[in-house]
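This note sets out points to check while reading the structure. Please keep the sequence and the model open side by side.

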Amino acid sequence: MTKTPDTPAPCPCMDETHPEEPVEQLTRRSPAHGGGRVPVPELVVTCEPCVSQCDLSPHGPCSGSHPDEESICSDSGLSGSPASLALRKLSNTSSTGLSPASSFEECDEDFMGYCDYQALTRDGGVCPGEPITTDLWKKSKNMVNWSPPSVPVKKRSPWVQVVGHAGNFQTDSDGRLLKKYCECEQQCFLQLMSDSLRPFVPGYYGVTQRDEQDYILMDDLLADFDSPCIMDCKMGSRTYLEEELRKAREYPQPRKDMYEKMIAVDPYAPTAEEQVEQAVLKSRYMQWRETLSSTATMGFRIEGIKKSDGTCNTNFKRTKYKDEVIQALEDFVDNNMLILRSYQQQLKELRVILEKSDFFKTHEVVGSSLLFVHDQTCKAGIWMIDFGKTVPMPDPLTLDHRRPWVEGNREDGYLWGLDNFIDILTNMLPEK
């Protein structure tokens, strides 16, 4: 099932969480049943919040709702499926991220190893038309000593939800990620799969449905990592669309909830009039929020970091200056210069591809993140994620992605932020 609207809108936000969907039962073929299928014990996956000091406050603007709530299109799930990061193959890669001041959740999942006899069925029963007979039972007894060795249970990297509303992500039986459907993001994936940026985005496998809910099926990004460290950086000089700003001005409505969020960060931020009303306009709040972090000063900001020991930090709302960013990056890589150099080289490679990408030239990329993942073996990878607010430009307009944003030019500052990021990493590295 695939939806292909002419002009997909940015994704709406979710205001409630959704329970985990039931896990489909695995079955395998049994010689004793004439090649039929018998149920394998059901795998139960549970999720608990990450035991850490995570900030649980809302976050991120999104179209059509509160600007401090995460879009359902934010890639906030991480998991592990086979991947070859050295060659940057996409057949087994994934999507996730941290976003502004959100929570981290982990799910440890053990998945049965697959053998030639395994298959998925909906009812988990024996295939019809293949009755269980005494002859088959005798045959199966004789085959016991000749059965291949059992496949050991494979421990996957923990699935981590680092941002967004619980229920936006689920894992598929083959280790891929199911992300709640968003037309805008799905249209981006369809184009990215044939663009030069494909090695730097999660693999996309269409739209699937579970319990009457549509999901985007994509690869996970943690499979080849052992106890990974994860960082999400929101790219660009703004995280709201011009359309969001326009609508907020057309329908001005003082928001007490946004006033409370504002004074929680800076009690002196509201104007005298706003203090009297104890409310702020959405357009004012969106623009004010961007001035707090390095989004305004450097064209990117750190949204959150999860370390290999499970500790998480999303307290980067006011990380604004270069020395503060450097301190956070040093902590993220534990001052490992090999990992830092790998990230620097990959960002340079990404910049070259972005400057040539047809998709990138013709899209306003807002609210998108770069996901950084590494582990103790010094394996490191970077992916572009979160395309819920990535919208096409009208023909024949294109974007430079470096020019300063002036309302109406739709520039997002993505490459300006990437240039600054690369410069910071370069300055952190020792001279050769």
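Which residue in strand 13 is the bridge partner of Leu178? The bridge partner of Leu178 in strand 13 is Leu217. The points below place this pair in its surroundings.

1. Basis of the note. This is a predicted model, in which local features need pLDDT of at least 70 and side-chain atom pairs count only at pLDDT 80 or more, while totals for chains, interfaces and linings use all residues. Residues are numbered from 1 along each chain as its sequence is written, and side-chain values use heavy atoms, with hydrogens and water left out.

2. Overview. The protein has eleven helices and 20 strands; helices (H or I, at least four residues) and strands (E, at least two) are DSSP runs, numbered from the N terminus. Of its 432 residues, 53% count as buried. Buried means under 20% relative accessible area, exposed means over 50%, and partly exposed lies in between, with a 1.4 Å probe and protein chains only. Among contacts between residues at least 6 apart in sequence, 78% join residues at least 24 apart, where contact means heavy atoms within 4.5 Å.

3. Four strands form an open sheet in the order 10-11-13-12, with antiparallel pairing; two strands pair if DSSP finds at least two bridges between them. Strand 10 (169–171) and strand 12 (204–210) stand at the edges with a single partner strand each, so one side of each is left without a neighbour in the sheet. The twist averages 30 degrees from one strand to the next; such angles run from 0 to 180 degrees between N-to-C directions, and axes are lines fitted to C-alpha atoms, for helices over the stretch in contact. As background, strands of a sheet pair through backbone hydrogen bonds, either parallel or antiparallel.

4. The two partners of strand 13. Strand 11 (residues 177–180) is joined to strand 13 by four bridges, and Lys180 stands opposite Tyr215 in strand 13. Strand 12 is joined to strand 13 by five bridges, and this pair also runs antiparallel. Here Thr208 has Tyr215 as its bridge partner. Strands 12 and 13 form a hairpin with two residues between them, and Asp211 in the turn has a positive phi of about 50 degrees. Strand 13 is mostly covered, since five of its six residues are buried.

5. Asp219 lies in the loop between strand 13 (213–218) and strand 14 (229–235). Is Asp219 buried or exposed? Asp219 counts as buried because its relative accessibility is 0%. Its side chain makes a polar contact with the side chain of Tyr205 at 2.5 Å. A polar contact is a pair of N or O atoms within 3.5 Å; within protein, one must be able to donate a hydrogen and the other to accept it, and residues adjacent in sequence count only if both atoms are side-chain atoms. Ser227 is placed in the loop between strand 13 and strand 14 as well. Ser227 is partly exposed, with a relative accessible area of 39%, and its phi is near 50 degrees, a positive value in a residue other than glycine.

6. Helix 4. In helix 4 (residues 256–265), Met258, Tyr259 and Met262 are buried. Why do the buried residues line one face of the helix? Seen down the axis of helix 4, they fall within an arc of 105 degrees, so they line one face; the arc is that of the directions from the helix axis to the C-beta atoms. On the other side of helix 4, Lys256 and Ala264 are exposed. The cover over the buried residues includes helix 5 (272–277) and helix 6 (282–290).

7. Helix 3 against helix 6. The axes of helix 3 (residues 242–250) and helix 6 come within 8 Å and cross at roughly 145 degrees. Glu244, Leu245, Ala248 and Arg249 in helix 3 meet Lys282, Ser283, Met286 and Gln287 in helix 6. The residues of this contact divide into three nonpolar, two polar and three charged. Ala, Val, Leu, Ile, Met, Phe, Trp, Tyr, Cys and Pro count as nonpolar, Asp, Glu, Lys and Arg as charged, and the others, Gly among them, as polar.

8. A backbone detail to inspect. The peptide bond from Asp395 to Pro396 is cis, with omega near 0 degrees. Pro396 lies in the loop between strand 20 (390–392) and helix 11 (414–428).
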